[in-house]
Amino acid sequence: MYKIAVAGTGYVGLVAGVCFAEVGHQVTCVDIDEKKVALMKSGVSPIYEAGLTELMLKNYASGRIDYTTDYKSAYKDADAIFIGVGTPEQPDGSANLSHIATVARQIAETIEKDCLVVVKSTVPVGTNDKVEQFIQDFLIRDVKVDVASNPEFLAQGSAVDDTLHAERIIIGTESKWAEELLTKIYRPFHIPIVSVNRRSAEMIKYASNDFLALKISYMNDIANLCELVGADIQDVAIGMSFDERIGNKFLNAGIGFGGSCFPKDTKALDYIARQHGYELKTVKAAIDVNKQQKRVLYEKASKRLITFNGLKVAVLGLTFKPGTDDLREAASLANIPLLLEQGADIYAYDPVGADNFERLYPAGKNGTGSITYVAKIEHALKDASVCFIFTEWGEIKAVLPETYKSLMRTPLVYDGRNIYHVQKMQDAGVEYYSIGRKPARK
Ligand code: NAD
């Protein structure tokens with residue numbers, strides 16, 4: 001059992017902290033956000049993740065996890081401090097490392113015994129070297145500090161499961177001591193460990209995320225071409241998936257990738273390449289395709305409807321994917337402002353993300369349009385002139401084709417997630433447009 005501190009209680013830090021406690025370590029999670037800490041202490045998770053609350057309650061009750069804003073008490077005698085703070089993108093595409101720097105400084109000024117600092121946040125190649133140097137420069141006491149890279153691969157929506165049953169754990173170290181300690185910390189997880197140097201570990205994270213982003217954008221690009229040549233992207237994907245070299249995952253075409261990782265990590269790697277005088281053409285293409293893909297349904301609908309002004313528009317799904325309350329880079333955020341600008345009266349439904357969206361776009365008049373949040377899908381669809389589907393929540397997938405026909409003023413549906421069978425929508429009398437498939441006309 002090790003004494004572990006975790007800096008940052010977002011999707012990565014909190015889930016890591018809870019899972020370390022679950023396998024028997026003594027964990028203190030640190031955040032600067034007092035409200036979050038108070039919530040967690042009262043047993044409420046500040047983020048929506050399946051299974052997280054149960055594990056929080058269980059491990060808090062057994063005394064294996066605590067939450068605090070007092071970093072000094074958490075860091076001073078920790079065996080290892082995991083950093084899971086945000087590294088958001090800056091306007092030029094580079095990663096903002098200011099939160100990492102703050103934590104590094106706090107660690108340097110606080111620790112009272114030898115300590116392994118582990119960077120879980122996604123950071124540009126070479127950052128761990130800099131963090132180590134930075135900590136050495138500001139270290140107050142005569143203690144040993146090593147920095148290790150341990151990038152995180154969890155996916156929001158299945159974060160707890162992904163952490164407890166990860167396919168691999170990447171550890172990037174520059175000393176035997178760091179490698180051995182981190183290996184021991186992860187031993188109770190019984191997950192294969194890939195041990196490499198720090199820069200390779202940092203690169204593995206970007207290379208993995210950007211490969212997945214590329215795969216998505218490639219399928220979206222092919223989907224757009226499918227529409228033009230009369231092919232069906234879902235049939236094409238099935239045909240491709242039998243090839244083991246391609247695999248059967250991440251072949252779904254849609255309205256583009258969102259979330260806190262793929263958009264920022266593609267831009268960050270493009271930036272890193274440019275810094276080194278190299279043009280990363282493949283990743284740049286993924287970024288470009290994704291930008292265009294987010295608007296593909298809006299463009300189609302604009303041509304078909306001429307104007308959104310005064311129309312009731314149903315929006316089903318606000319989060320960037322199901323199973324999370326996260327809106328970062330969601331398709332809804334790319335499209336709703338456009339619809340509002342055009343004077344649409346939006347009725348939005350999301351089983352989990354509506355509150356977060358309402359903080360950004362309060363209910364009521366917004367420019368020439370307006371937005372209303374509804375608790376039931378039927379209320380969004382009733383008398384709507386058009387419906388956009390942005391997230392494939394189970395509740396939305398369960399809506400029958402006939403429901404659009406019976407509730408909407410005009411059953412016109414733009415589906416960014418290819419939820420429905422085209423023929424079934426056509427049979428139900430719904431005018432239906434999706435991604436990479438032929439439209440269904442009444
Ligand atoms: P997040 O924004 O959800 O959470 C970051 C947390 O850090 C916030 O609660 C913030 O208050 C806290 N924080 C900021 N400064 C702090 C400080 N000085 N001390 C303590 N806490 C502080 O971020 P996230 O989505 O968990 O991502 C964290 C990192 O992990 C990023 O680099 C991200 O790219 C990477 N990552 C994210 C995911 C994901 O799915 N979200 C997956 C893999 C990797």
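Helices here are DSSP runs (H or I, at least four residues) numbered from the N terminus.

A note on what I am reading: this is a predicted model, where local features need pLDDT of at least 70, side-chain atom pairs count only at pLDDT 80 or more, and totals for chains, interfaces and linings use all residues. Residues are numbered from 1 along each chain as its sequence is written.

**Helix 11**

I checked the length of helix 11 (residues 262-275): at 1.5 Å a residue its 14 residues should span 20 Å, and its end C-alpha atoms are 20 Å apart, which agrees. The expected span is 1.5 Å times one less than the number of residues.

Next I looked at burial, where buried means 20 or more other C-beta atoms within 10 Å of the residue's own, with C-beta atoms placed from the backbone. Ten of the 14 residues of helix 11 are buried, so this helix is largely enclosed by the rest of the structure. Among them are Phe 262, Leu 269 and Ile 272. Their cover includes helix 9 (198-229) and helix 12 (281-293); I count contact as C-beta atoms, placed from the backbone, within 7 Å.

**Around Ile 81**

I then turned to Ile 81, which touches Ala 5, Ala 7, Tyr 75, Ile 107, Cys 115, Val 117 and Val 118, leaving out residues up to four places away in sequence.

**Domains**

Last, I looked up the domain assignment, automatic or from a database: domain 1 (3-195), domain 2 (204-292) and domain 3 (294-433). The centres of domain 1 and domain 3, taken over C-alpha atoms, are 38 Å apart. Their contact takes six residues from domain 1 and seven from domain 3.

Methods
Two residues are in contact if their C-beta atoms, placed from the backbone, lie within 7 Å. Helices (H or I, at least four residues) and strands (E, at least two) are DSSP runs, numbered from the N terminus. A residue is buried if 20 or more other C-beta atoms lie within 10 Å of its own, exposed if 12 or fewer, and partly exposed in between; C-beta atoms are placed from the backbone.
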